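Have the sequence and the structure open while reading.

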Amino acid sequence: MPAETVLFFVFGGLAVLGALNLVLQRHPIHSALSLILVMAALAALYLLLGAEFIAAIQVIVYAGAIMVLFVFVIMLLNAGEEERTSMSRAARYVGLPVAGLLLAEVGYLLYRAWPEGAVVEADKFLGRTGPIGRLLFTDFALPFELTSVLILIAVLGAVVLAKKEL
Amino acid sequence: MVPLSYYLVLSAILFGLGVVGFLLKRSVITIFMSIELMLNAVNLAFVAFSYHWQALSGQVFVFFVIVVAAAEAAVGLAIIILVFRTRASLNVERVNLMKW
Amino acid sequence: MLDYLWLVPLLPLAGAFLLGVVGRRLAQSTVSLIGVGSAGLSFGVSLGVAAAVAEMPAESLPMVKSYFTWLAAGSFRVEAVFLLDQLSLLMILVVTGVGFLIHVYSIGYMAHEGGYYRFFAYLNLFMFFMLLLVLAGNYALLFVGWEGVGLCSYLLIGFYFLRKSAADAGKKAFIVNRIGDFGFTLALLLMFWTFGSLDFTTVFGRAAGMPVEPAAWGQAGVLTAISLLLFSGAVGKSAQIPLYVWLPDAMEGPTPVSALIHAATMVAAGVYMVARSHVLFAHAPLALTVVAAVGCLTAFYAATIGLVQTDIKRVLAYSTVSQLGYMFLGLGAGAFAAGIFHLMTHAFFKALLFLAAGSVIHAMNGEQDIRKMGDLRGKIPATYWTFLMGTLAIAGLPGFSGFFSKDEILWQAFSSPSLPLGWLLWLGGVVAAMLTSFYMFRLVFLTFHGQARYTPETAHHVHESPRVMTGPLAALALLSVIGGWVGIPAVLGERAGIANLFEHFLEPVFSSSTAILRADAIAHSHSEELGLMGLTVLLALAGLTVAYTFYLRNPELARQLAETFRRPYQLLLGKYYVDEIYSAAIIRPLHWLSERVFWQEVDVKVVDGAFNGVAARARSFGLWVRLLQSGNTRSYGAWVVVGALVILSYFARDYVFR
């Protein structure tokens, strides 16, 4: 079996296991650590798809900043294990079946639109930083600037919201 | 030589697990994390298709998703802190005052 | 002057508007000036128009003047157009002339009544609508005038609106008129459907090309239907059977109103309208027969009621109904000019009679019961002599105006080739003429002759009316005497060359229909005509004699006769109990239907119920939907997933739903 396939299954399996663990764990901190695992696995998968820049971003920003923020908040709030309350009948009886339906539908769509013969090959890898950077500053210049504004707003918002006294 | 469809299936599975977590968990932070999981699953699908169509804009979009997720996480967690301060609990079912 | 034709109706409108807006603050003399002045100016302009027409060649009439487009909706166009021909010229002269005289009279009569400015405002408004009616060049504009005069009639009958009987009478007039107007509206619809237009020139032009319809009930066509429906409107407006019941009650209004509206002009609108539509009627012999029959019956019927009435105005009211019947008899016989001739003479002498009666009432301090009058001849001579002139005219005594017009109608009814059983209709008319003579002279004798049957207090009050009232009386008396001389029939005036001036004047208007209706004319001899004329005169004189006997010679005779024929007398006194029959058979069931069924069932339960029901449904639905807002975020999350599923299915619908 070629190396890519093995790597795919390894990292894919890690991702799925991490996700399962996130859902099954009762303490938020364990879920957070599982999520970090998922993100790391995904970064590897991006590399397998040739998206170098994205993989790097994933690790640096997502796993390295966002998840750290999550962990900090969990620690700050001293979040404990979840309570076993259940006050929502809709979530249990409507949500879950429908979620299953959703998955089934996605699966069906995939089955119907199965891309035949499409394989991932190394020669066709895209995703070097340079071209992405160029795109960001030419075709996607406006969204790029807007996201910077967005981040500014988010920073301000977060500071204002979390202050002890306004 | 991994077929593209495998990536898509993986993305679907991760997304589905995210939805299930979103519905089942009771701690707001965990729910939030399920949402992040869903976003990641979608990112994977984007990158896969970016490769398939040989279009770099797919990865640019992933970039934007990550940026927005970061901003969202910052603000969202700030709100969670506020909620915790007022309701003294991280159980989402205790935050139920906006009802008819 | 012809360019100023529009001033004729608009001057009174301006007067009405001015008086309506600021009349309350003006002095009584100013109100008189405006009210009477506008009517007088209108009359002046009409005279000017007549003079201008007289100088033009005969072919220049009919003249159509269109001022602006009033309605335009698809293929339906209505212009504001005036039609001036001999008929409408005659009508505006009569309306403005008699109207002006009555306006002058009202200065004196209404001087001490309240609401002086309101009276003249309404009167001027009436003049506007009436003139609009007779000048209109299409049926839509005519209908505007038609309805307008009905409105003014309501306003003026109920002038003393604080009196319940007056207010009720106004309502009754309007509602009964409305019933006729319904038929009129149907006629207009049918007309538009048939001819595509309501314009006189267009409709009459197209109708002239259509064949004359057979005079059988099963085979009559659309022209007969239109004509009959138009006539139903005339039945309401001109108080024929069965819609005459409003006219006697209309006497609740002030006497000048009775004179102008319910004698001289408004009630004549139906006659004018039928005459104007002569082309349609000429093509529908069945309709003409109906018109003549109804007219004849009404003439006779109303005369019988008038025999025993005791209110001076009531007698005159029934007399008006009867005389209108004569006019329709003339029209139905195909003698349109004769009918209009009687319209004109009737305007003169009936207005005179009403105004003189008003003078009597004025002298008698408001008393209207003739049983409480008597021996006024010497005390109010001007009133007496003018009243007598009017009576002589209406009774049809030779030389006076009524004689010529009434006789013309009776002769035409007898000799018309297009009228079946003409002799029977003639007979009815002749008997009614005798009854007319009788009850009118009864009125004269009881009011002015014999013994004074009033109290001494009233005796102090009796005085002649002021000149502003007796002046118009004199003018109208003169017209009642000589007004008929323009219509001297051929038998009498041929040698002197003054025969049938009136008929010749109107001939261009009616020529087409006369040609159709006289097609199979049998020649009647002059002696036949003279013979019938003499018979009528004889019967009129007989009526006079009987009245003289009953009320001057031998007053007891009348009472004994009433005793002997108790039942018929009561029937006549009770006006054949028609009002009571209408009330029981129509009004009360309608009332019950409106109240119990339409209001309580349909309106409350169905309409309100549906409306409130919808609101209640919306409310309960809202109450049910709001349960979705449980406040529980997890539930919201579930619904979000459901929504996501729906959206995904929509975007992938081609794949998912094969």
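The contact between chain B and chain A takes 62 residues from chain B and 73 residues from chain A, where two residues are in contact if their C-beta atoms, placed from the backbone, lie within 7 Å. This is a predicted model, in which local features need pLDDT of at least 70, side-chain atom pairs count only at pLDDT 80 or more, and totals for chains, interfaces and linings use all residues. Residues are numbered from 1 along each chain as its sequence is written, while chains are lettered from A and ligands numbered from 1 in the order in which they are written.

**Chain B against chain A**
- Strand E1 (2-3), helix H1 (4-24), helix H2 (28-53) and helix H3 (57-87) of chain B each give at least two residues to the side that touches chain A; helices (H or I, at least four residues) and strands (E, at least two) are DSSP runs, numbered from the N terminus.
- H3(B) supplies the largest share of that side, 22 residues.
- The side of chain B that touches chain A has 45 nonpolar, 13 polar and 4 charged residues. Ala, Val, Leu, Ile, Met, Phe, Trp, Tyr, Cys and Pro count as nonpolar, Asp, Glu, Lys and Arg as charged, and the others, Gly among them, as polar.
- Strand E1 (residues 119-120) of chain A and E1(B) run antiparallel and are joined by 2 bridges; strands pair if DSSP finds at least two bridges between them.
- In E1(B), Val2(B) stands opposite Val120(A).

**Chain C against chain B**
- Chain C and chain B each bring 11 residues to their contact.
- On the side of chain C that touches chain B, 3 residues are nonpolar, 6 polar and 2 charged.

**Nonpolar cores**
- A nonpolar core is a set of buried Ala, Val, Leu, Ile, Met, Phe, Trp, Tyr and Cys residues joined through C-beta atoms within 7 Å; buried means that 20 or more other C-beta atoms lie within 10 Å of a residue's own, with C-beta atoms placed from the backbone.
- The largest core has 212 residues, and Phe126(C), Ala292(C) and Ala351(C) have the most contacts inside it.
- Helix H15 (residues 336-363) of chain C gives the largest share of this core, 19 residues.
- Not counting residues up to four places away in sequence, Ala351(C) touches Val98(C), Ile102(C), Ala259(C), Leu260(C), Ala263(C), Ala264(C) and Leu476(C).
- Another core, of 80 residues, lies apart from the largest one and includes Phe11(A), Ala79(A), Ala99(A) and Val2(B).

Conventions. Buried ≥ 20, exposed ≤ 12 C-beta atoms within 10 Å, placed from the backbone.
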